[in-house]
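Thanks for coming. I have one structure to go through this morning, and I will keep to a few side-chain contacts and one stretch of surface. Please have a look at the screen.

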Amino acid sequence: GYKADMDAHSIMFDTFFARANELTDADHFASAEIEQKADDVRTQREALADLWTDLETLFEHSLEMLQVEEESAAATAWLESRLAHVAEADHEKDLPAFLARQS
């Protein structure tokens with residue numbers, strides 16, 4: 001996925017930033033441009049990481065919501081089946097059996 005792809009390219013970024021630092025530390029004639037490019041890449045990489053974090057959070061929240069919906073549907077179905085049973089039962093006949101189960 002996205003995260004694995006980003007992680008797989010971390011060495012590329014580390015190499016790029018190390019090389020950019022070497023050149024600027026050596027007072028390369030294009031040091032200002034190299035620093036700007038490194039800053040741009042760093043900013044874009046951080047933006048991508050932030051977007052990934054937001055997307056991951058959205059996926060987690062969506063999964064949690066789906067789980068709650070499934071649990072709610074199961075609970076509602078169970079309650080409705082019991083309500084129907086209780087509404088249709090012969091309460092005078094069921095009361096002694098109910099009381100016997102309680103003791």
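R19 and E22 form a salt bridge, with the closest N and O atoms 3.3 Å apart. Keep in mind that this is a predicted model. Both residues sit in helix α2, residues 10-25, and because they are three residues apart, about one helical turn separates them. R19 is partly exposed at 46% relative accessibility, and E22 is partly exposed at 46% as well. As background, side chains of opposite charge can pair when their charged atoms come close.

K37 has a relative accessible area of 46%, which counts as partly exposed. E33 is partly exposed too, at 48%.

The other pairs D39 with R42, and here the closest N and O atoms are 3.2 Å apart. D39 and R42 are also in helix α3, three residues apart, again about one turn.

Last, the surface. W78, L79 and L83 make up a nonpolar patch there, and together they have about 350 Å² of accessible area. L79 belongs to helix α3, which covers residues 31-88. Its relative accessible area is 46%, so L79 is partly exposed.

How values were computed. Residues are numbered from 1 along each chain as its sequence is written. This is a predicted model: local features need pLDDT of at least 70, side-chain atom pairs count only at pLDDT 80 or more; totals for chains, interfaces and linings use all residues. Side-chain values use heavy atoms; hydrogens and water are left out. Patches are made of residues with over 30% relative accessible area and no salt bridge: like charges are joined within 9 Å, nonpolar side chains (Val, Leu, Ile, Met, Phe, Trp, Tyr) within 5 Å. Accessible areas come from the Shrake-Rupley method with a 1.4 Å probe; for residues, only the protein chains shown count as cover. A salt bridge is a side-chain nitrogen of Lys or Arg within 4 Å of a carboxyl oxygen of Asp or Glu. Helices (H or I, at least four residues) and strands (E, at least two) are DSSP runs, numbered from the N terminus. Buried means under 20% relative accessible area, exposed over 50%, partly exposed in between (1.4 Å probe, protein chains only).
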